[in-house]
Amino acid sequence: MPGRWSEVARSVGLLQADGVMSPTIFTEMSALAVATDSANLGQGFPDEEGPLWVREIAVQAILQGSNQYPPLRGIAALREAVSAHQHTHYGISLNPDTEVLVTAGATEALTAAILALTGTGDEVVTLEPFYDSHAAAIAMSGATHKTVPLIPQEDGFRLDRDALRATVNEKTRVILVNTPHNPTGTVLSHEELTLIAEEAERFDAIVITDEVYEHLLYDGATHVPFATLDGMFDRTLTVSSAGKTFSLTGWKIGWITGPALLLERVLAVKQYLTFSGGAPFQPAIARALTDGAEDIATLRQTLDRRRASLIKWLTDAGFHTVRPEGTYFVCADASPFLSSEITDGADFARWLPGAIGVACVPLSAFCREGSATAELLKNWVRFTFVKDDRTLETARERLLALRPS
């Protein structure tokens, strides 16, 4: 695997120093979960299906002939629904013909945007820890990946403001902002976002935002789209999707919105990735965005209940947790369970399935190898609560075995 592809593989932990391919930590943990019949709280995908009425629209679309390539930009109904959604929820006005692009999930939108806007000699700044595909897309572009830590505090993981100012510079082409944040569950505050905006403006950087968890908020948290900040619309590309909002992750229907001039550059790359897809799913998601408010509220209430339960169980078991304001995840410090044989979070995550039958993921898997953030979070692990009640109850019973005597 020569050249740039080696860097891509290393960036996501697939390539060892000797050039041999190895599985990611996520693949490894899932295999361990299966082998030990564990309650798998490592993988962040729902156990439950999305709303039946939305799925039925997709079935009818298949039967009625929506089975060939949809338009490159996405069908008009979905682009109009995305535009209406942004205006209804955030007051953002978009032209659905020029400022909305439908993609194969948020991952394609993010990848196409990074490939379109960056290259060798540029720098892309992300938060750390970061979602793994962000690092892979940056590596594919040839740009340099720089990170700004999120630091665990009593009120959540918070942006290291001094590090932000020290990291963004004249080489920064893109700042990639993920809020609500995977893996920490942090919802960046208006003040934190404003600091990022100031740095973007100071160095004329473009901001790409990953907002796929925008509706999965708890404890009264408010999601502030970056494009709504003063003067930021013209330099912001906003990415979201239906996967998390409607528990339809396998449909891979996402979108990217923003100024037409920037979106045209993304379109030029996207057409050579998937071109288009999801023909029968696009009309279903258009209706979901238009008529699915009750389904979103029900999902949020269910996840909030499961989030509170998981936090309590982890705390009772002896973990220190940081209460997430959004997403599917709870991060926990496994330090109380370390020993001479279990020396960090990665060791703990590999030990836990065989020991009690519960799977999680080490937080260091979302960090650059050897970074200060990786060292700070080396004992931390991530659990998901986007599982059915039966799986969570099994996890509760097994986590009790960890309680200090």
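How many nonpolar, polar and charged residues are in the lining of the second largest pocket? By class, the lining holds 13 nonpolar, 10 polar and five charged residues. The model described here is predicted.

## The second largest pocket

Helix 5 gives the largest share, with four residues.

## Helix 6

Helix 6 spans residues 132-141, and eight of its 10 residues are buried, so the helix is largely enclosed by the rest of the structure. The buried residues are Ser-133, His-134, Ala-135, Ala-136, Ala-137, Ile-138, Ala-139 and Ser-141.

Just after helix 6 comes Gly-142, which takes a positive phi of about 90°.

Strand 4 (residues 144-153) pairs with strand 3 (residues 123-128) in the parallel sense, and six bridges connect the two. Within this pairing, Val-148 in strand 4 stands opposite Leu-127.

Strand 4 also pairs with strand 5 (residues 156-159), here in the antiparallel sense and through four bridges. Arg-158 in strand 5 is the bridge partner of Ile-151. Strand 4 and strand 5 form a hairpin, with two residues between them.

In a regular strand, side chains alternate between the two faces of the sheet.

## Cysteines

A disulfide is a covalent bond between the sulfur atoms of two cysteines. How many disulfides does the model contain? The count is zero, with a cut-off of 2.5 Å between the sulfur atoms.

Is Cys-331 buried or exposed? Cys-331 has a relative accessible area of 0% and is therefore buried, the cut-off for buried being under 20%. Cys-360 also counts as buried, because its relative accessibility is 0%.

Terms used:
Residues numbered from 1 in each chain as written. Predicted model: local features only at pLDDT ≥ 70, side-chain atom pairs only at ≥ 80, totals over all residues. Heavy atoms only, no water. Nonpolar A, V, L, I, M, F, W, Y, C, P; charged D, E, K, R; others polar. Buried < 20%, exposed > 50% of the residue type's maximum accessible area, 1.4 Å probe, protein only. Pairing = 2+ DSSP bridges.
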